[in-house]
Amino acid sequence: PAQRGTALHLVMQFMDFDRTGSVAEIREEIARLTAMELITPEQGEAAAEDAGKLFALFASPLGEKLRRSHGVHREFKFSILVPAGRYYPGAGEGEQVLLQGVVDCWLEEEDGITVVDFKTDRVTEKTAALRAEEYRPQLTAYARALEEITLLPVKRRVLWFFTLGAAFEL
């Protein structure tokens with residue numbers, strides 16, 4: 001299971017979003033990534049088994065946006081100093097903490113940024129909303145960092161659960 005999650009994340013990091021129009025096309029793209037040694041054969045095999053889950057993303061409205069956008073950023077690493085009080089209520093005035101992270105994906109549109117985080121958690125229809133709420137602090141931190149770095153507003157924060165083939169906006 002961990003191998004599958006890692007494989008899906010790596011494929012999302014490297015795949016050509018223009019090659020996602022069908023399950024067969026996604027499998028071909030996974031084979032291309034494997035041949036280029038961007039993913040291991042084992043990761044390629046695991047991802048190919050989940051090609052339908054990848055297709056569900058790209059067939060969704062979110063996936064359509066990802067495919068059409070020219071401002072998609074993946075695996076965006078950041079390090080910024082932020083007021084410590086945002087995360088530690090007892091922090092003194094002027095204290096700062098270093099916030100580091102890696103945003104799975106974000107896209108820049110005319111009216112702002114959409115932050116997307118891909119999740120491979122085993123969730124059900126009943127547990128997904130609660131699990132999504134548990135990720136709210138992570139997406140809030142990503143949004144704050146991106147706003148500070150890009151000077152653009154974050155208009156949407158979205159989790160995509162591969163298990164359900166569903167997006168949750170936070």
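**Reading a predicted fold, feature by feature**

User: Is Tyr142 buried or exposed?

Analyst: Tyr142 counts as buried, at 10% relative accessibility. The cut-offs are these: buried is under 20% relative accessible area, exposed is over 50%, and partly exposed is in between, with a 1.4 Å probe and protein chains only. Phe78 is buried too, with a relative accessible area of 6%.

User: What should I know about the model before going on?

Analyst: This model is predicted: local features need pLDDT of at least 70, side-chain atom pairs count only at pLDDT 80 or more, and totals for chains, interfaces and linings use all residues. Residues are numbered from 1 along each chain as its sequence is written, and side-chain values use heavy atoms, leaving out hydrogens and water.

User: How many aromatic pairs are there?

Analyst: First, the rule. Rings of Phe, Tyr and Trp (its six-membered ring) pair if their centres lie within 6.5 Å; planes under 30 degrees apart are stacked, over 60 edge-to-face, and the rest tilted. By this rule there are five aromatic pairs. One of them joins Phe78 and Tyr142 edge-to-face, at 5.9 Å centre to centre and 85° between the planes.

User: How are the rings of Phe118 and Phe162 arranged?

Analyst: Their centres are 5.9 Å apart and their planes at 35°, so this pair is tilted. It links distant parts of the chain: Phe118 is in strand β3, Phe162 is in the loop between β4 and β5 (166-169), and they are 44 residues apart. Both Phe118 and Phe162 are buried.

User: Which residues touch the most other members of the largest nonpolar core?

Analyst: In soluble globular proteins, nonpolar side chains tend to be buried together. A nonpolar core is a set of buried Ala, Val, Leu, Ile, Met, Phe, Trp, Tyr and Cys residues joined through side-chain atoms within 4.5 Å. Here the largest core has 26 residues, and Met12 and Phe118 touch the most other members. At least two residues of this core come from each of α1 (2-14), α2 (23-35), α3 (41-49), α4 (51-59), α5 (61-68), β2 (96-109), β3 (112-119) and β4 (154-161). The largest share, five residues, comes from α1. There is also a second, separate core of 14 residues, which includes Ile80, Trp106, Ile113 and Ala145.

User: What is Phe118 in contact with?

Analyst: Contact means heavy atoms within 4.5 Å. Leaving aside neighbours within four places in sequence, Phe118 is in contact with His9, Met12, Leu57, Leu66, Asp104, Cys105, Trp160 and Phe162. Now take His9, which lies in helix α1. His9 is partly exposed, with a relative accessible area of 25%. Not counting residues up to four places away, His9 touches Asp104, Phe118 and Thr120.

User: Which residues of α2 are buried?

Analyst: An α-helix has 3.6 residues a turn, so residues three or four places apart point the same way. In α2, Ile26, Glu29, Ile30 and Leu33 are buried. Seen down the axis, they fall within an arc of 100°, so they line one face of α2. The arc is that of the directions from the helix axis to the C-beta atoms. On the face turned away, α2 carries the exposed residues Glu28 and Ala35.

User: Where are the buried residues of α4?

Analyst: They are Ala51, Leu54, Leu57 and Phe58. Seen down the axis of α4, they fall within an arc of 115°, so they too line one face of the helix.

User: What does a positive phi look like here?

Analyst: Most residues other than glycine have a negative phi. Glu75 has a positive phi, near 50°. Glu75 lies in strand β1 and counts as partly exposed at 23% relative accessibility. Leu151 also has a positive phi, near 65°. Leu151 lies in the loop between α7 and β4 and is exposed, with a relative accessible area of 71%. Glu37, which follows α2, has a positive phi near 60°.

Key. Helix = DSSP H or I, 4+ residues; strand = E, 2+ residues; numbered from the N terminus.
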